[in-house]
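This report describes selected features of one protein model. Please keep the sequence and the structure in view while reading.

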Amino acid sequence: LINMCGGGETLFYEDIVQTVAEIIKSGHFVHLVTNCTVTKKIDELVALPKEVREHLFVKCSLHYRQLKKKGMLATFTENVHKLHQSGISITVELLPHDELIPEIAEVKEYCMKEFGALCQVSVARDETKKGFDCLTQLPKEEYEKVWGQFDSPMFQLKMKYLERKIEEYCYAGKWSYSVHLGSGDISACCNAGVIGNLYKDIKEPFPVKPVATHCTCPYCYNDHVYLTFGVVPSLEAPTYGEMRNRTMKDGGQWLHPVIADIFHQRLDENNAQEEE
């Protein structure tokens with residue numbers, strides 16, 4: 001499963017659709033992050049062959065206030081519908097921020113009307129602070145109460161492990177990696193140092209240098225991915241499918257069957273654990 005995310009809008013990359021298609025044709029699954037406003041590229045994704053679309057999942061980032069301001073909320077809505085109706089699995093995800101609090105009821109009504117379920121909710125972090133503090137002026141209990149209205153498994157998990165240092169054995173760097181496609185640099189995770197390079201010798205296998213018990217993060221801010229896929233086997237977490245799926249009012253699912261099957265598996269179920 002290869003997650004593709006740009007340092008801005010992922011679909012602005014000229015060859016992104018062809019790249020996604022070739023990765024899937026090579027036998028992989030792709031998780032694509034986008035704000036769903038680049039209609040031309042969305043149309044190209046929808047036009048891909050069925051066997052490619054079934055292996056594609058799109059995280060539709062809901063920037064509600066910005067979309068309203070730009071008059072693009074209808075564009076976002078239409079593009080999300082296009083993706084899902086074509087057989088591409090989707091999730092709608094909101095990054096909470098204090099300025100949006102007065103519009104929460106409006107956001108909930110919009111999501112229920114257009115997507116048949118409430119959006120999933122993440123947790124924002126302040127990267128200007130060493131501890132990656134939660135990005136809010138609210139006390140933690142109030143923050144949980146306000147954004148807990150969305151009943152999002154993702155939000156619940158992220159709040160559970162917020163500011164909780166991971167000292168257990170982590171297999172990032174063996175079971176999972178973060179790769180910068182521009183430079184080719186390979187890291188164990190998105191907050192770890194470089195342990196290899198994708199391009200220097202393409203015949204070389206990926207380096208095997210697990211984080212183990214030496215995590216340098218104040219907490220695992222991407223725990224909704226790492227913990228749910230079992231990168232830290234000793235820590236309890238729902239499956240990644242629960243982070244992404246919703247059952248809609250009509251009984252349908254945001255995740256179509258092929259992706260749902262993959263998202264409900266864990267790496268610790270499919271790999272030998274040999275802690276050293």
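## The sheet

Leu-94 has Val-121 in S5 as its bridge partner. Strands here are DSSP runs of E with at least two residues, helices are runs of H or I with at least four residues, and both are numbered from the N terminus. S5 and strand S4 (residues 89–94) run parallel and are joined by two bridges; strands count as paired if DSSP finds at least two bridges between them.

The open sheet contains five strands, ordered S1-S2-S3-S4-S5, with parallel pairing. S1 and strand S5 (120–121) are the edge strands, each pairing on one side only.

## Basis of the model

The model is predicted: local features need pLDDT of at least 70, side-chain atom pairs count only at pLDDT 80 or more, and totals for chains, interfaces and linings use all residues. Residues are numbered from 1 along each chain as its sequence is written, and side-chain values use heavy atoms, leaving out hydrogens and water.

## Helix H1

In helix H1 (residues 16–25), Ile-16, Val-17, Val-20, Ala-21, Ile-23 and Ile-24 are buried, that is, under 20% relative accessible area with a 1.4 Å probe and protein chains only (exposed is over 50%, partly exposed in between). These residues lie on the same side of H1 because their arc around the axis is only 165°, taken from the directions from the helix axis to the C-beta atoms.

The buried residues of H1 pack against strand S1 (2–4), strand S2 (30–34), helix H2 (39–46), helix H3 (50–53) and strand S3 (56–61), where contact means heavy atoms within 4.5 Å. Gly-27, with a positive phi near 110°, follows H1.
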